[in-house]
Amino acid sequence: MKNLILISSLICVMLFSSSIHAQNFEGKIKMKMEVVDVPKEMEQMKAMMESTITTYTKGKKSRLEMSNSMTGNTVVISDLTKNEVVMCMDMMGKKTAVVSNTEEYKTKNGNESNPKMEYTSTNETKIVAGHVCKKTIAKIAHEGEKMEMEIWYAPDIQNTNLEMSDVPGMPLEYSMKMDQFTMHFIASEVAVESVPDSKFEIPADYERMTSEEFQKQMSGGYKGK
């Protein structure tokens, strides 16, 4: 359970970091998040966590889309010109758009205490989503837990992932080895294309609220507007 909590925190921080710092790329990146090497007793968790993640970026704006049975349909829209992050959640028929400033969002999602990484470069290369990628190994120590990440990065794409900012290129494939399973992320598509401004607007059918109002709602104290 402790590993599951840690990996969930890492996933949240990495996805957030890659979405709000993609400032010099316009287009989309599709990634598959999967759980591999899972023992039979954890097969149910595997199905709950796996997802396809699509990130659209344009200047200082980004939109990340993810859906699985654990989180429902989640969209994270960020705009650095407004210092704003909006998490749009569609769970159990209720659509909510929680608005935070970027520093508030990072603090609430663990970025203030994210684990440090030490990198070891290798000479290995392979093709990921049409890009020649190099391999580096990251060692992570966090609250008594030790993990390794295998990262394949594209030197020809500017690295906009804050969590892996020391990697000299955009990470397009990476794996996190846990005690009982491995989380694997891999890009299936990197497309340079025009992204409409409508991608960064809150859908009209979502109820907009502050993070404080959302917390009150979760505890039963928010009555709505």
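Start by selecting D37, which sits in the loop between β1 (27-36) and α2 (43-49). Helices here are DSSP runs of H or I with at least four residues, strands are runs of E with at least two, and both are numbered from the N terminus. A word on what you have open: this is a predicted model, where local features need pLDDT of at least 70 and side-chain atom pairs count only at pLDDT 80 or more, while totals for chains, interfaces and linings use all residues. Residues are numbered from 1 along each chain as its sequence is written, and side-chain values use heavy atoms, leaving out hydrogens and water.

Stay on D37 and check its backbone: phi is positive, about 55°, although D37 is not a glycine. Most residues other than glycine have a negative phi. D37 is exposed, with a relative accessible area of 63%. For these labels, exposed means over 50% relative accessible area, buried means under 20%, and partly exposed is in between (1.4 Å probe, protein chains only).

Next, jump to A129, in the loop between β7 (116-128) and β8 (131-142). A129 is another non-glycine residue with a positive phi, near 50°. Its relative accessibility is 26%, so A129 counts as partly exposed.

Now zoom out to the whole protein. Of the 225 residues, 50% are buried. The accessible surface is about 11,700 Å², and carbon and sulfur atoms account for 50% of that; the areas come from the Shrake-Rupley method with a 1.4 Å probe.

Time to go inside. Select M149, L172, F181, M183 and F185, the residues with the most contacts inside the largest nonpolar core, which has 43 residues. Strand β9 (residues 145-154) gives the most to this core, with 6 residues. Apart from it there is another core of 10 residues, including V75, I77, V86 and A97. A nonpolar core here is a set of buried Ala, Val, Leu, Ile, Met, Phe, Trp, Tyr and Cys residues joined through side-chain atoms within 4.5 Å.

Last stop: the cysteines. How many disulfides does a search of the whole structure find? The count is 0, taking a disulfide as a pair of cysteine sulfur atoms within 2.5 Å. Select C88 and you'll find a buried residue, at 1% relative accessible area. Then select C133, which is buried too, with a relative accessible area of 0%.
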